[in-house]
Amino acid sequence: MLELRDVSHVYPKGTRALDHVSLSIPRGMYGLLGPNGAGKSTLMRTIATLQTPSEGTVLFGDIDVIREPEKLRRTLGYLPQDFGVYPRVSAYDMLDHMAVLKGIASPADRKTTVETLLQQVNLWTVRKKNLSGFSGGMRQRFGIAQALIGNPELIIVDEPTAGLDPEERHRFLNLLAEIGENVVVILSTHIVEDVSDLCHRMAVMTDGRVQLEGSPQTLIQSTRGRIWMKVVDRAELARVREQYEVLSTRLFAGRTVVHVLSDRDPGNGFTSVDAGLQDVYFSTLAQSRRAA
Amino acid sequence: MTKAMPEVTLHATPRWSDVVLEQVRVAGHGLRREAIVAIAVLGVGTAMVGSEIVAGGPGFDSNETLPTALVAFFFPFLLWRHDKRFAPSFLWTLPVDRRRLAAARVFAGFVWLMVAVASFAAWLLTLGLVAGAPLAHTILRIPVVATVGAYLFGSALVLGLRHPIRWLLGGSGVLFLLGIVGDALSRPDDSEWAYIPGAHAFFEEVHQAMELWLKLPDSAQWAMTTFLWLGAGLAALWAAVTRHKERRRH
């Protein structure tokens, strides 16, 4: 449904933020993973018509997004990282305002839309409270409510769970899962669990390029047999880092669990483990670093 | 090879009148706190003038122009203070033309400014009537045209420049320096002007133009000044709003 062909973007100071990105994004939840500075937000802004790429084509259905951005905006829902407008306005008034700007002219239709959305995102009881008094999670739920005005067919959410506590994050992801069945939802994040919990398809970006693309299950399968694990002491960690390609480390009961990437059994007490999406992600980053 | 793409359902775009009304509503909401402060200031003013009248004083004894134009000039800074005017902003993803949205916000600010000026005038007139003050001491002290012009220029500054405060301070500094230099050199009879070809002729032209201007009736002077200031303000505003036109790669 959403097609990106050879999309590149070079900022005026010469930074190449996107480098020949080509993606086909079908209906459903699509995860875009990558570290900070990978080009995810530039790509999100490009699809959301906030900036024009230096080259390439973006098509959504029969809409040429670059030539006809105003057309895409009539079916776009966008939740940016920073949703900071009119902070002294209540949630109800702000949604009503957005509904007008999205072309819902009839007051009765607007009332129905706003009330339904506030209930859907569980903000009905705080509808009269100013947005400036909202917590991070409430703001994000408000953000998704405004993105849903007008039944958009393309929804873009940029780093939506950053800074949310676990309960708020869980609630927000459930909400996204509900809406992501019949429309295209692009979820940009650096949190691997968000993608593994929600997305049918995903891509990993680094240095402005798409390094990996596919369904999480297929990508996990492709890494099977290449991830090895060992529990080491903290003092041993530096040596392990020198000898192996360490993907991740985490503490468990005071000791360090190390995951390494290797095509063969590295020996030395390492055991093979079932790869998770996090291993896929970190191995892609490692390969990208090696290639650079 | 290009595959046939399925059509996408598009919702309606907002009506221009709806966008303007919305901006008026939202701008009003955003200015509530400032309105409360202004009402409090008027309350204090009422108490001060009232106590003077009660004590047998005149209440109103000045016919100097009130600085509403200065307030109007800085009003757009207040109106736009939370908006990302140049950075890609969330509002740019809505199906409303950016220039129209900016112009609608300027108009919304103008509406609320005029409401404020009218309320202030009504307050001044009421107190003046109570105090028995002449009209020249009350609402005639409000320079309406200058207030409108100042609002247009202030809006143009805020909308047209990324760093209006810096430009304002820099411009004021340059004008101040020019004033000093101009003051030092503004004596056409002084010998230093003799070295600049055509200087005396230029000052003669300026002098004649000034004399012609002073011969015009007051109403003609007012009409011309109004036309020039408001015209220049609108032109500056148009240029500023044009900066917000969406640019695309074709």
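Two strands pair if DSSP finds at least two bridges between them. Helices (H or I, at least four residues) and strands (E, at least two) are DSSP runs, numbered from the N terminus. This is a predicted model, in which local features need pLDDT of at least 70, side-chain atom pairs count only at pLDDT 80 or more, and totals for chains, interfaces and linings use all residues. Residues are numbered from 1 along each chain as its sequence is written, while chains are lettered from A and ligands numbered from 1 in the order in which they are written.

**Chain A overall**

- Chain A holds 10 helices and 14 strands.
- Its C-alpha atoms fill a box of roughly 70 × 45 × 35 Å along the principal axes.
- Of the 292 residues in chain A, 44% are buried (20 or more other C-beta atoms within 10 Å of the residue's own; exposed means 12 or fewer, partly exposed lies in between, and C-beta atoms are placed from the backbone).
- Among chain A contacts with a separation of 6 or more, 68% join residues 24 or more positions apart; a contact requires C-beta atoms, placed from the backbone, within 7 Å.

**Strand 8 of chain A**

- Strand 8 (residues 184-189) has 6 of its 6 residues buried, so it is largely enclosed by the rest of the structure.
- Both faces are covered: A:Val184, A:Ile186 and A:Ser188 are buried on one side, and A:Val185, A:Leu187 and A:Thr189 on the other.
- In a regular strand the side chains alternate between the two faces of the sheet.
- Strand 3 (residues 28-33) pairs with strand 8 in the parallel sense over 6 bridges, and A:Gly28 has A:Val184 as its bridge partner.
- Strand 7 (residues 154-158) also runs parallel to strand 8, over 5 bridges; here A:Leu154 stands opposite A:Val184.
- Strand 7, helix 6 (residues 166-179) and strand 8 make a right-handed β-α-β unit. Right-handed means that, with the strands pointing away from the viewer, the path from the first strand over the helix to the second runs clockwise.

**Sheet 12-13-11-14 of chain A**

- Here 4 strands form an open, antiparallel sheet in the order 12-13-11-14.
- Strand 12 (245-252) and strand 14 (271-272) are the edge strands, each pairing on one side only.
- Strand 11 (residues 227-232) joins strand 14 through 2 bridges, running antiparallel; A:Trp228 has A:Ser272 as its bridge partner.
- A:Val257 lies in strand 13 (residues 255-261) and counts as partly exposed, because it has 15 C-beta neighbours inside 10 Å.
- Leaving out residues up to four places away in sequence, A:Val257 touches A:Met229, A:Val231, A:Thr249, A:Arg250 and A:Phe252.

**Sheet 2-1-4-5 of chain A**

- Another 4 strands form an open, antiparallel sheet in the order 2-1-4-5.
- Its edge strands are strand 2 (16-25) and strand 5 (63-64), each pairing on one side only.
- Strand 1 (residues 2-10) and strand 2 pair antiparallel over 6 bridges, with A:Arg16 as the bridge partner of A:Val10.

**Chain B**

- Contacts link 29 residues of chain B to 36 residues of chain A.
- The chain B side divides into 15 nonpolar, 8 polar and 6 charged residues. Ala, Val, Leu, Ile, Met, Phe, Trp, Tyr, Cys and Pro count as nonpolar, Asp, Glu, Lys and Arg as charged, and the others, Gly among them, as polar.
- Helix 7 (residues 199-215) of chain B has 0 of its 17 residues buried, so it lies largely in the open.

Definitions and conventions: Contact = placed C-beta atoms within 7 Å.
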